[in-house]
Amino acid sequence: MVISKSLRALKRRDETVAVLLENKQDSSETLLFERGAITALTHAEKTNIYKDYKEPVDSFGCLGVLNVNTKDSTLSYLVLVTGCTSIGRIFEVELCRVTQVTLVSLVTSTIHQPEQVTDIVKLLSSGTFFFSFPSNSIKFQLSSSAQYCYVNDNASSRHFLWNRALMVPLQQYGINHDQWLLRLMCGSVEVKTLYCGRHQAKVCLVSRFGCERAGTRFSVRGIDDNGHVASFVETEQVIVLQDKLTSFVQVRGSVPVFWEQTGLPGVGNHRVQLTRGFEFGQPAFERHIKWLISNYGQVLLVNLLGNKEAELMLSDEYTEHLKHSMYHDDVTMVSFDYNSQCRGGDKTKLSTVLLPRTNDFLEPFSYFAVEGDHMIRKQVGTIRMNCMDCMDRSNVVQTFYGLMVLQKQLLDYDLGSSTSIVSQFQDAFQSMWSCNGNNISLLYTGSAALSKKDRLKDGALSIQRSIQSSFFDSSKQEAIELLLWGGVLGDSVGHATRALLSPSDVFLPRAYRQDLSRRYMEYSEHVPIRICVGTWNVNGGKYTQSIAYKNQSMGSWLLDTPLSGVPDLRDSPPHIYAVGFEELVDLNASNIVNTSSSNRKYWGKELQKILCEGPHQYHMLTSHQLVGLCLFLFVQPQLVPYVRCLVCPSVCVAIRNCMVSHMSVENSNGVMFQTQINFHTRQNTCTLG
């Protein structure tokens, strides 16, 4: 099967904006896009109006309708794939890489596109997006694994379907999107043809980027409240020979705790910081493990982080979360310090140290095998890999496990006894795994994977990554979010949806969501919450006693509330404490570039100790520091399950006259927390002007 330009879009000739989308291979199938509505036309209806349309745009397929919210209006575009290259075929399914997209405006006749729309075109045309044709094949598709496709009757996994938001407008008007739209996948795909005697075999390696928490390297880290992690990639190793297919799936993803890397772009290292207290990260961790088990069965966690500084902090937090998890007895973690054990690119310890610790799990996990319509075996477990960025180290170890399972896959075809054939398959997959690592790294950081062997080359790649993160990642991140969410969350109804409804309701029809948001009082209950807010100037020191009044401690300030007319907080304590500190450190050049966190950690411990002196306990939700400003948030334990969507923006309004040897500062900075408690937004702000 050779894919051709089977769809044609035409615009109306007069000033009224309307677009026809017709199937060139079946003239009876036509869609009309007009005034925000989408209608399926009969052949007679199409014939009556066809003469009024012009400017044909032929395409290989359609991705859907992109809605972009601007200050004045909502712009809508029909997204067409006008350029693609075939990278191979599995059974009768063509696997294609998107090389060019064209956007046809549905609301205006002007050619000008906003910059954010141009960024989406650039993203989609970057060579990292793929589709399979036909997209609804029961044999094989790119947007879901072979086993998922077989078990779920050809359904696509929404976790890897990158144009799902673009499908919503067609769904709202009852249009069968499988008939009109391609299923878009982001990641890496490579296919090779090998010969086994007189038979031809196809080998394929597919890496699917998850779209629940997608983003660039420093823009998105860790986990979110729904249990989705950054850098989540599902990699499938496939062999097809005659009518038989076998596949093995592994996954990788960011450390599933709340963390981020902050710092000035291009200046020094980005510091790793945990952004939530342990108790508040546990519910999201549980959701992540539950999701892994429900989608992949048994799970083995392989942690490749090292034992130095930031990586040790993340590794310890990860270990503690699993230790306190309800799935502690069901999920095993194996820690392997890759940088220490495989120093200089020596991978022998993968076989001598790592494999003996994991082999007992790998064997029962098995792999998927199907012949014709009959499933021979099912993969019942997977390995979840992580390092810091889930790129270089993770790819090397996944390659190791992939080649181990390859030998078992070949036995299913009675090919395991031929040394030459086994070697041929191993060489092919070794090459594909190497390309896979480069492709994932290129998408995530803007450079190829580090080899850990050539220091000069790795240094050049590191510089390239720094330039990418400093100057290009922000616009790319905005394009990714706009593609994945479109106009769904960009207006007041979208914000209400996120605050009031569950994540699964995000893509419901807008009228539905609007009505649910308007009637939220009918299905929600209001609970009053007391919040205590205060600030304290610590003058760059560690003084828990007042400098002016030595007999007054922070306890008397926070707990006793000596102000007249205010009831004693010991008897009726706040549910939330928001405490802001000023002049936590000296405002100088050194602290602006690389602020020390020692004072923040000290004051966090002191605050928690003081707040817990009474009969009520408090957990530190988070703390955020901007040079001398620091804001702490403490919450009572019973509210832990209800805390979601915490963001910690900080704004540096003015820093002037900065020199290496001297600094004089005019400062107007701000640190803010915003979070949801019981689905109601609370904001606490500490500013210094």
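The structure is a predicted model, in which local features need pLDDT of at least 70 and side-chain atom pairs count only at pLDDT 80 or more, while totals for chains, interfaces and linings use all residues. Residues are numbered from 1 along each chain as its sequence is written, and side-chain values use heavy atoms, with hydrogens and water left out.

**Overall composition**
- The chain comprises 18 helices and 28 strands, taken as DSSP runs (helices H or I, at least four residues; strands E, at least two) numbered from the N terminus.
- Of its 689 residues, 53% count as buried (under 20% relative accessible area, 1.4 Å probe, protein chains only).
- Among contacts (heavy atoms within 4.5 Å) between residues at least 6 apart in sequence, 64% join residues at least 24 apart.

- Strand β1 (residues 7-12) is joined to β5 in the antiparallel sense over 5 bridges, and Ala9 stands opposite Val57 in β5.

**Nonpolar cores**
- The largest nonpolar core has 42 residues; such a core is a set of buried Ala, Val, Leu, Ile, Met, Phe, Trp, Tyr and Cys residues joined through side-chain atoms within 4.5 Å.
- Elements giving two or more residues to this core include β7 (74-90), β8 (93-105) and α11 (419-445).
- Val81, one of the residues with the most contacts inside this core, touches residues including Leu63, Val98, Phe131 and Leu182, not counting residues up to four places away in sequence.
- Apart from this core lies another, of 27 residues, among them Phe160, Ile223, Leu322 and Met388.

Notes
Pairing = 2+ DSSP bridges. Buried < 20%, exposed > 50% of the residue type's maximum accessible area, 1.4 Å probe, protein only.
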